[in-house]
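My notes follow in the order I looked things up.

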Amino acid sequence: TNYDDPNQYDECVLFSTPVGAPGGDVAGRAIAVSAGIEGSAGDVWVAIYREQRVYKLSSLTGQPVPVSGGSGQTYIQLNFGPYGAIVDSKQRLWVVEIGQARFALIDANTGTLINDTIRAPANLNCASYALGIDGKDRVWVPGWTQGARACRYDHTTQTWTMFNFASARSQRNTSFEWGRGIAVDVLGTVYMSGYGGSTGQLIRFDAETGVVKPYGTADFIDYSDPQSGAAIGVGLDSDGQQSRGVRSAASGWFSS
C-alpha cells in the first residue's frame, strides 16, 4: 500500500483532483460546498490563493465544471488571494482575503462574480483569517492580527459591526489574544478560537449583542494542555437544533 496516496487506503475518498495551473506554485486555501442539482452532493468550490482564482468542481466526479459565461472557463478570477470560503442560505459564495477583511461575493447558482471589493472600514481595525455565517446570512471574521475582536458584515444593510473582547479573562486570568477561527451555531452563538502564542483559546458570545457567554466563572477557555499551542480553526456539530460541541484544531471537544 502506498500511504502517500489516500485512494489506496481510505475507502471514504471518492476522487482526488489536481486543481490549479499545472507546474505552478499552487496553494489551495479555501473550500466550500453549495447546493447542486437534485440528487447530487452539491458543487464544490476550491479557492487557489496564489492564482487568485476560485474553481468549481463536480461533487460526483471531482472534475472542474464551467462557471458562467458559456466559454467553458472553470474558474472565477479575483483581484486578491482567497483564504477562506463559505456558502450562505441564498447560495452565495463568500470568499475572504487573509488579514484585510475583504470579501468576494459569488452567485453559486450561476457561477457569477457579484463583487470582490467588499471590505471593512479602516477605522474598525478589522482583520480576517477564517470566516463564518450566521442564521441571518451575516458574515463573520475573527480579529486575527488586530487582537481580541470579531467583525460582522450585514450585506442586506451593508453595515459592519466590531465586537471587542479586550476585557475578557480566562480561567487562568489571561486575556484573549488573536481570533483565528470562527463559527456560528443555530442558536446565534458565535464561537471564536484564539491564537494565544503559547496556548490555544476559545471564546463564545451572542451574535446580536456581542455579550460573552462564560464557561463557568471564566469568560473564555485558555487551554492548559502544553500541546495546544495554536487554536487555528473551530467547528460545530449538531443534534437536531442544538449545538453540541466545539472543536479547535489544537484541542479536543468542549461541550457548548
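Strands first: I take two strands as paired if DSSP finds at least two bridges between them. Strands (E, at least two residues) and helices (H or I, at least four) are DSSP runs, numbered from the N terminus.

Ground rules next. I am reading a predicted model, where local features need pLDDT of at least 70, side-chain atom pairs count only at pLDDT 80 or more, and totals for chains, interfaces and linings use all residues. Residues are numbered from 1 along each chain as its sequence is written, and side-chain values use heavy atoms, with hydrogens and water left out.

**Entry: overall counts**

I counted 0 helices and 19 strands in the protein. Then I checked burial, where buried means under 20% relative accessible area, exposed over 50%, and partly exposed in between (1.4 Å probe, protein chains only). Of the 256 residues, 48% are buried. I looked up the surface too, using Shrake-Rupley areas with a 1.4 Å probe. The protein exposes about 12,500 Å², and carbon and sulfur atoms supply 47% of it. For contacts I used heavy atoms within 4.5 Å. Among contacts with a separation of 6 or more, 43% join residues 24 or more positions apart.

I went to β5 (residues 82-87) and β6 (residues 92-97). They pair in the antiparallel sense over 5 bridges. A85 stands opposite V95 in β6. How many residues lie between the strands of this hairpin? There are 4, and Q91 takes a positive phi near 60°. I also checked the cover on β5: 5 of its 6 residues are buried, so the strand is largely enclosed by the rest of the structure. I noted one general point: in a regular strand the side chains alternate between the two faces of the sheet.

**Entry: an open sheet**

I traced an open sheet of 4 strands in the order β9-β10-β11-β12, with antiparallel pairing. Which strands stand at the edges? They are β9 (132-133) and β12 (159-164); each has a single partner strand, so one side of each is left without a neighbour in the sheet. Inside the order, β10 (residues 139-142) and β11 (residues 149-154) pair over 4 bridges. There V141 stands opposite C151 in β11.

**Entry: I182**

I picked I182, in strand β13 (residues 178-184). Is I182 buried or exposed? At 5% relative accessibility, I182 counts as buried. Its C-alpha atom is 7.2 Å from that of W140, 42 residues apart along the chain. Leaving out residues up to four places away in sequence, I182 touches several others, including A130, W140, V141, A150, M192 and V234.

**Entry: aromatic rings**

I looked for rings of Phe, Tyr and Trp (its six-membered ring), which pair if their centres lie within 6.5 Å; planes under 30 degrees apart count as stacked, over 60 as edge-to-face and the rest as tilted. The structure holds 16 such pairs. I looked at Y55 and Y75, a tilted pair with 5.4 Å centre to centre and 50° between the planes. Y55 lies in β3 (residues 53-57) and Y75 in β4 (residues 75-77), so the pair ties together parts that are 20 residues apart in sequence. Y55 is buried at 7%, and Y75 is buried at 19%. I also found one aromatic cluster formed by Y49, Y83, Y129, W144, W178 and Y195.

Then I looked for charges over rings: NZ of Lys or CZ of Arg within 6 Å of the ring centre and within 35 degrees of the ring normal. R180 lies over the face of Y195, at 5.0 Å from the ring centre. The charged end of R204 sits over the ring of Y215, 4.1 Å from its centre.

**Entry: salt bridges**

I looked for a side-chain nitrogen of Lys or Arg within 4 Å of a carboxyl oxygen of Asp or Glu. The structure holds 9 salt bridges. One joins D43 and K56, with the closest N and O atoms 3.9 Å apart. D43 lies in β2 (residues 43-48) and K56 in β3, so this pair ties together parts that are 13 residues apart in sequence. Both D43 and K56 are buried.

E51 and R53 form another salt bridge, at 4.0 Å. Here E51 is buried at 16%, while R53 counts as partly exposed at 21%. D88 and R92 meet at 2.7 Å, N to O, and both are buried. Last, I found D134, K136, R138 and E208 linked in a network of salt bridges.
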